[in-house]
Amino acid sequence: MIRDITLGQYYASDSLIHRLDPRVKIIATLLFIIELFIVDNFIGFAICAAVLAIVIAVSKVPLSFIMRGLKPVLFILFFTFALNIFMVKGEVLWSWKFLHITREGIQIAVFMAIRLVLLIIGSSMLTLATKPLSLTDGIERLLSPLAKFKFPSHEIAMMMTIALRFIPTLLEETDKIMKAQQARGADFESGGLLKRAKALIPVLVPLFVSAFRIAQDLAMAMEARCYRGGENRTRMHEMKLRKRDFIAFILMAAFLAIIIIEARMF
Amino acid sequence: MSIKVTKLNHIYDKGMPTEQAALTDVSFEINDGELVGIIGHTGSGKSTLLQHLNGLLKATSGSIEVGGVEITRPGVSMVEIRKRVGLVFQYPEYQLFEVNVAKDVAYGPRNLGLSEEEIDQRVREAIALVGLDYETVKDRSPFELSGGQKRAVAIAGVIAMRPEVLILDEPTAGLDPKAHKDILNMITEVHRRTGNIIILVSHNMGDIAEIADKVIVIDSGKVVTVGSPLEVFSQGELLKSVGLDLPPITEFCNALGIKDTVLDMEDAVGKIVDLIKE
Ligand SMILES: Nc1ncnc2c1ncn2[C@@H]1O[C@H](COP(=O)(O)OP(=O)(O)O)[C@@H](O)[C@H]1O
Ligand SMILES: [Mg+2]
């Protein structure tokens, strides 16, 4: 079902991870992604996985919920795995006609798959444990030094806030429209590619109309409340780094150091 | 054609932290030709129930029999069920997509694989049945019609499939009084002409009291009571306890101290005249 997509979803809980400052979590996620690309052996990946496991355990987000988010990207995962395993040149272990599997190919394919899985889970932890609004607030604050160079950090953050806010709404809308057309005999499951693409027109047209209607209503409501962009805007919740945020920074630095040393050693 | 729902259960997001029981042991029967009103508070499970009746949602457990066919059994053709049971969703005007009204109404019949002549004939008939003039609306974009007209076109899109059971989810929600009246008249007209089962969800107790043969009251996914409008609306306390009201006319007569449950204007006038004579 279309509602099963958890990528970018928020999981409400009151864990320590949830309470961390969003800026800390954004930086931690970026660092984690960089670390995944520094790592090039199994011990390194094991350390990354262990750290991620601890974060998940502390965050109290159920594993089943996270795994559900992996389903839609399974295809990409298999695709890159297959591509790597057959395309990399090296010591040939097995071959059939034009297909060759090499020792290097297997290693790179397995590493890439592990990397992708950790990457997806790691970055979905950010959105699972951070309210969309504080996430975009955090991004805005992190980008705000760039405002001096006329970089529209507030506008970008506002666009992201709105986009995140309306993902569930549009998913719900899509679900509703699909059901309504199914009730009129629409068939989305059978037929060739062209037939299936054509079957989507009765869903896409109303969806676009709805999206424009929602956008118009929202613009009107913002206008009515005198929205004028980021200038002179004050916030209800001022972001402030607390003791736990500093502790998180120290742990992140230690983790980074371990990863760099480990990569050098092996 | 009759409908029999037995011990129907539905749980959304089963096994997820957001798991929620939307229907619990729902059982009722609908006889041939009945116009049935379903009432219940927002979130009580009405829309969930309706979507089971034409196979859009799968029951967690329980069975549904439509015209002798158990549609909850695996392997039953969904296309066949949707041909028999037409469902008009809430705010159906949001499903319009074609370049003109005639084509939009023809979408359902075309999906049934009918011949062009048959489709054309059904489209004309359905558009006339919902109170629009075929010649004036057929080439217009559905997006430039008024709210009430859009709704009528969307309903015509389902009627054109000639379902044996017509289900409407809050068909009058958000309409002005005139469009409201038009849609309601259209429903009674379709019922009179076809003699088929019609199931109607509404928050307007006056409408339900006026046109329904049978009323099903739902609260938190459970059937609270089933009966004729007279039987149901004489249980004012029960309805209040599940967040529903009595029809205004019934309320008014109660306030005047009339003991009987009054459902329509004529009856009310008679009772009030009696009251004054006393
Ligand atoms: N697609 C869905 N996924 C999860 N929960 C849902 C979904 N649709 C409805 N619900 C929940 O099921 C309950 C019944 O909803 P619904 O059948 O729409 O009620 P009604 O039509 O009477 O207002 C509500 O609590 C609602 O939040
Ligand atoms: Mg509803």
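Here is a short tour, starting with the ligand and then moving on to the chains.

This is a predicted model, in which local features need pLDDT of at least 70, side-chain atom pairs count only at pLDDT 80 or more, and totals for chains, interfaces and linings use all residues. Residues are numbered from 1 along each chain as its sequence is written, chains are lettered from A and ligands numbered from 1 in the order in which they are written, and side-chain values use heavy atoms, with hydrogens and water left out. Let us begin with ligand 1, which lies between chains A and B.

**Around ligand 1**

- A shell of 13 residues surrounds ligand 1, and the closest are B:Gln20, B:Gly43, B:Lys46, B:Ser47 and B:Thr48; a residue is near a molecule if one of its heavy atoms lies within 4 Å of it.
- By type, the shell has 2 nonpolar, 8 polar and 3 charged residues. Here Ala, Val, Leu, Ile, Met, Phe, Trp, Tyr, Cys and Pro count as nonpolar, Asp, Glu, Lys and Arg as charged, and the others, Gly among them, as polar.
- The side chain of B:Gln20 has a polar atom 2.8 Å from an oxygen atom of ligand 1. A polar contact is a pair of N or O atoms within 3.5 Å; within protein, one must be able to donate a hydrogen and the other to accept it, and residues adjacent in sequence count only if both atoms are side-chain atoms.
- B:Lys46 also uses its side chain, placing an N or O atom 2.8 Å from an oxygen atom of ligand 1.
- B:Gly45 uses its backbone instead, with an N or O atom 3.1 Å from an oxygen atom of the ligand.
- Taken alone, ligand 1 exposes 560 Å², and the protein buries 74% of that. Accessible areas come from the Shrake-Rupley method with a 1.4 Å probe; for residues, only the protein chains shown count as cover.
- β2 (20–30) and α1 (46–53) of chain B are the elements that give two or more residues to the shell, and α1(B) gives the most, with 3 residues. Helices (H or I, at least four residues) and strands (E, at least two) are DSSP runs, numbered from the N terminus.

**Chain A**

- Chain A has 11 helices and 2 strands, and its C-alpha atoms fill a box of roughly 65 × 60 × 40 Å along the principal axes.
- Of the 266 residues in chain A, 35% are buried. Buried means under 20% relative accessible area, exposed over 50%, and partly exposed in between (1.4 Å probe, protein chains only).
- A:Ser124 lies in helix α6 (residues 103–128) and counts as buried because its relative accessibility is 9%.
- A:Ser124 and A:Tyr10 are 114 residues apart in sequence and 9.0 Å apart in space, C-alpha to C-alpha.
- A:Cys226 lies in the loop between α10 (201–224) and α11 (243–265), and is exposed because its relative accessible area is 56%. Its phi is positive, near 60 degrees, in a residue other than glycine.

**A loop of chain B**

- B:Tyr91 is found in the loop between β6 (85–88) and α3 (101–111). Although B:Tyr91 is not a glycine, its phi is positive, at about 50 degrees.
- B:Tyr91 is partly exposed, with a relative accessible area of 35%.
- B:Asn100 is also found in the loop between β6 and α3, and is buried at 14% relative accessible area.
- The side chain of B:Asn100 reaches the backbone nitrogen of B:Lys103 at 2.9 Å.
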